[in-house]
Amino acid sequence: MFSNLLYGLGIAFTPFNIGIAFVGCLVGTVVGVLPGLGPTGTIAILLPMVFSMPPTSAMIMLAAVYYGAMYGGSTTSILVNIPGESASVVTCIDGHKMALKGRAGSALAVSAIGSFIAGTFSVIVLTFIGEPVAELALRFGPAEFFSLFAFGLCTVASLTGKSVVRAIMATVFGLMMATVGIDLISGAPRFTFGNPFLLDGIDFIVVAIGMFAISEVIIIAEELKSGARGQVIKPKSLYISFEEFLFSIGSILRGTVIGFFVGVLPGAGATLASFLSYDIEKRLAKNPETFGEGDIRGVACPESANNAASGGALLPLLTLGIPGGGATAVMLGALMMLDITPGPLLFQKHAHLVWGLIGSMYLGNLLLLVLNWPLVNLFARIMSIPARYLMPIVLVISTIGVWSLSYSEMDLIIMGVCGVIGYYMRKHNYPLAPVLLGLILGGRMEQSFRQALIISRGSLLTFIQKPISLTLLIGAVLFLALPYLLERSRQFRLAREASFEEEA
Amino acid sequence: MRRIALLSVLVVALAGFLVAIQGSPAVAWEPKKSIEFIAPANPGGGWDTICRTSARVFKKTGLVTKPAYVKNMPGGSGSVAIAYVVEKRKGDNNLLVAASNSLTFSMAIKRTPYTYDDVTPLAQVASEYGAYVVRADSKFKTLADLVKALKADRKSVTFAGGSAPGSMDHIKVALLAKEIGVDPLEVIYVPYQGGGEALASLLGGHVDVGSLDVSEVAGQLEAGKVRVLAVQSESRLKGFPNLPTAREQGVDVVFTVWRGLYMAPGVSKSAKKFWVETIKKMVATPEWNAEREKLGWEPVVKFGDDFEKYVKDEHQRYKSLLKELGFLK
Amino acid sequence: MRKILTRTRIEALIIIVGVLGYAWSGLSLPPFYNVPGVPGPTVFPLMLAIVMGAGAIWLLIFPGEDKEAPKSPPGESRWRRLLNRWHFYLMWGLLIAYVFLLPYLGFVVCSVALLSALIFLLGERRWYLGISIALVFTMAIYLVFSKGLQIRLPLGIFEGIMR
């Protein structure tokens with residue numbers, strides 16, 4: 001194994017490949033920062049360029065764009081409360097609060113460090129135990145996926161604002177939006193009203209940008225008018241302090257592990273990973289009430305999770321030849337055009353490519369850290385640009401992101417409508433994040449549920465007969481019930497302590 | 001000194017360029033601005049590959065000198081793109097759109113109100129074949145085993161494919177069922193979001209048989225993880241001569257997946273002629289054929305009126321097929 | 001006197017109407033899409049409609065504390081209040097107009113207009129500064145996205161000139 005790794009590092013550390021990895025990381029960071037633009041489209045654009053390179057260098061570059069994009073995703077979430085990627089929605093909750101309190105630098109820095117640790121961890125796993133982990137991923141069939149998504153949906157419990165009913169309604173609203181489009185299982189067009197532009201459903205980015213970006217601009221306008229928007233607190237330090245780092249290292253590590261294993265599952269993805277890790281982190285915390293008010297752990301864990309997930313998604317591609325969806329599907333296409341058959345024999349037949357790529361990922365993560373570190377400082381200063389200039393420009397850039405998805409007017413119109421709804425919801429105590437969670441998980445959850453039932457010939461028992469599925473479902477129930485149990489035991493303990501003190 | 005040399009090189013180059021422009025034979029129509037490809041799907045799929053490969057071969061071989069862009073316009077198996085092209089891009093001579101049987105299915109099942117009459121079909125550039133695939137350790141060794149199991153109990157086998165019921169991967173299963181005298185609607189078929197997910201589910205042992213394209217499983221085949229029971233081609237594939245066809249095992253199921261291009265309605269005759277000729281030249285180049293082989297596509301081509309007639313016939317055939325199979329009332 | 005028709009209740013009523021529409025539209029699918037024995041395409045939307053409807057009914061019964069908007073000073077009419085918030089409504093109008101008109105008028109025209117208008121509405125008083133920022137950033141964004149990232153932006157009326 002170590003000889004393979006050394007071999008790979010040897011390939012990666014040629015001047016050309018270092019240069020290529022650097023360019024890839026840079027491009028990835030840029031598209032990651034720009035809201036609405038994702039790695040998938042960028043990789044597709046880069047394809048013609050990389051075909052003139054040797055296959056190994058080509059893949060090094062494409063992979064660098066892919067994991068680089070995850071590094072940049074948190075930036076807009078933190079600075080302007082607009083998620084750059086679907087995997088950075090959760091980061092908005094605590095990240096933007098931190099920025100308003102003058103801790104934008106810490107938030108950006110912790111997401112860079114977390115990303116680095118997570119990225120490196122996933123390469124290490126990929127290097128040493130890639131194959132067994134990939135085999136484990138195949139054990140996930142429709143029944144297991146349904147339970148996983150149900151588990152994911154339970155994380156909504158930690159995203160509730162003041163009203164639980166409203167949070168549930170927000171989630172259901174997201175799930176409803178997910179039902180628009182052709183139903184995969186039956187082929188029936190649902191809620192499309194004969195409009196072909198709705199056949200593929202409502203894209204997540206359209207809703208996210210609409211709800212977050214448009215409403216943010218209006219709300220800032222109101223706050224400026226009424227004077228409610230105080231001066232953004234001048235940051236004391238543009239970087240993270242050592243104490244803050246120590247405080248968040250646990251979150252980073254937990255986020256990394258959760259993110260990696262969710263990312264390995266084909267189709268589950270970085271977004272679910274980030275929601276799950278945020279939820280778990282909040283539940284583990286001694287003082288969960290600080291989450292949502294600018295807790296650094298609320299940035300550290302989802303940002304580590306989404307990076308670990310993007311590394312994890314490469315694993316089934318390399319070891320099994322199965323794309324995890326989105327960007328990895330384009331990379332699979334690229335492999336074929338480079339005359340490399342993606343499949344389980346990739347490691348044996350194209351050792352140069354696989355190990356070169358893995359070697360380059362160690363380097364790439366380091367490059368990204370080096371690249372992002374000065375950017376932290378630069379981006380943190382963006383907070384001092386007056387909102388009256390910053391927000392309109394961000395809005396225009398976000399709109400381009402939406403437009404670039406499929407060049408459709410329908411997307412823009414949906415974005416406008418979501419803006420109105422998002423504004424109303426924010427003004428009236430409906431949390432926005434559950435809408436997006438519902439939208440992301442809804443379609444896949446319904447699909448896996450019905451796929452599982454087709455396979456089991458209609459028997460609902462399938463969900464509890466499969467051990468992985470059963471475990472996840474029990475976990476979900478515990479997750480919902482646990483806070484109440486913990487609360488009661490805490491009250492009980494407090495009462496007992498109080499009585500002890502009286503006796504003493 | 002150096003500057004003069006550089007300058008003279010520039011002058012010579014410019015002169016050469018001017019001569020080249022002047023000297024080129026007058027053609028009836030040729031593109032004067034950049035070419036736009038529309039891939040009616042997300043990056044990474046078959047349609048996207050047609051566009052990007054053609055664009056690259058155009059550039060490499062110099063068949064088209066103007067730059068070419070690829071725009072992805074996913075939605076409803078081509079319905080979104082065809083609606084856009086018919087409604088917004090009438091008469092655009094610089095626009096090429098990728099297509100395949102999936103588009104015909106969208107038309108047949110009335111997902112889109114437009115048909116091939118509303119656009120300008122150009123050419124088929126390649127074809128591909130599907131196969132019935134099982135895990136290497138499956139109890140089905142040959143197609144006959146599968147047929148026997150289906151005949152004994154039509155609900156005993158779970159099929160998987162990468163598209164919704166009533167479209168391509170499912171039709172391949174339905175055709176098999178129809179051929180061996182089992183009601184196609186009663187065969188268990190699990191649709192997945194794309195061939196990759198269906199393949200993962202097959203490898204994980206969650207389903208029994210996958211209805212997948214041969215090129216999708218090439219890597220797994222090489223590693224011995226899966227076995228192809230039968231390919232749905234007329235004769236054995238050039239790229240995979242070891243795989244048996246369904247026909248040679250006595251089950252007459254042939255299903256060709258074509259990959260091609262169409263243009264907007266109302267394009268000028270000379271532009272259509274130019275593109276048909278250019279694509280004809282393109283598919284003959286070694287550059288194209290090298291790419292095509294890598295993708296596992298077969299060299300079956302049709303052009304202009306031939307192609308137009310073929311797809312229009314296909315539309316009618318699919319309509320009656322879907323009615324026959326019970327997907328269309 | 002307690003108001004019966006509070007804002008939350010109106011909200012709940014609107015949601016219920018929306019849910020009924022959703023359920024009706026979801027159930028009106030032709031039946032041939034159903035596969036016997038497994039839940040068809042209507043089951044999941046129906047479940048969602050029920051949960052959403054239950055939530056709305058809950059809000060209808062327990063609307064909770066209804067925080068009224070800060071009372072405007074007495075004597076101020078409804079129209080006066082609307083007038084006071086004119087720039088807020090104008091912003092909504094601009095944003096909606098922007099997403100509707102972008103594909104037709106083109107990126108450059110729309111963005112310059114939107115940017116300068118928004119910068120002004122958000123409190124910038126130096127009009128020359130606002131307009132020059134709008135112009136510079138529109139061009140910069142156009143160059144980065146269109147040339148750098150090869151995203152084809154709609155050019156609208158500039159289509160002929162810029163290509």
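## A tour of chains A and B

Start by selecting B:Lys88 and A:Glu409: they form a salt bridge, with the closest N and O atoms 3.2 Å apart. A salt bridge here is a side-chain nitrogen of Lys or Arg within 4 Å of a carboxyl oxygen of Asp or Glu.

This is a predicted model, where local features need pLDDT of at least 70 and side-chain atom pairs count only at pLDDT 80 or more, while totals for chains, interfaces and linings use all residues. Residues are numbered from 1 along each chain as its sequence is written, chains are lettered from A and ligands numbered from 1 in the order in which they are written, and side-chain values use heavy atoms, leaving out hydrogens and water.

**Stop 1: where the chains meet**

Show both chains. Four salt bridges are found across the interface of chain A and chain B. In contact (heavy atoms within 4.5 Å) are 50 residues of chain A and 49 of chain B. Together the chains bury about 3800 Å², 63% of it on carbon and sulfur atoms. Buried area is the accessible area (1.4 Å probe) that two parts lose on being put together, summed over both. Now select A:Leu184, A:Met337 and A:Arg457. They supply 16% of the area that chain A buries against chain B, more than any other three residues.

**Stop 2: A:Glu144**

Next, select A:Glu144 in helix α8 (residues 142-154) of chain A. Helices are DSSP runs (H or I, at least four residues), numbered from the N terminus. Is A:Glu144 buried or exposed? A:Glu144 counts as buried because its relative accessibility is 5%; the cut-offs are under 20% for buried, over 50% for exposed and partly exposed in between (1.4 Å probe, protein chains only). Among the residues that A:Glu144 touches are A:Arg139, A:Lys466 and, from the other chain, B:His206. Its side chain also reaches the backbone nitrogen of A:Gly141 at 2.9 Å.

**Stop 3: two domains in chain B**

Move to chain B. Colour domain 1 (29-128 + 257-325) and domain 2 (137-256). These bounds come from an automatic or database domain assignment. The domain centres, taken over C-alpha atoms, are 27 Å apart. Their contact takes 16 residues from domain 1 of chain B and 17 residues from domain 2 of chain B. Between them the two domains bury about 1400 Å², 62% of it on carbon and sulfur atoms.

How many salt bridges are counted between domain 1 of chain B and domain 2 of chain B? The count is one. Finish by selecting B:Glu324 and B:Lys178, whose side chains meet in a salt bridge (2.9 Å, N to O).

Key:
Helix = DSSP H or I, 4+ residues; strand = E, 2+ residues; numbered from the N terminus. Polar contact = N/O pair within 3.5 Å; in protein donor to acceptor, adjacent residues only side chain to side chain. Lists of a residue's contacts leave out its neighbours within four places in sequence.
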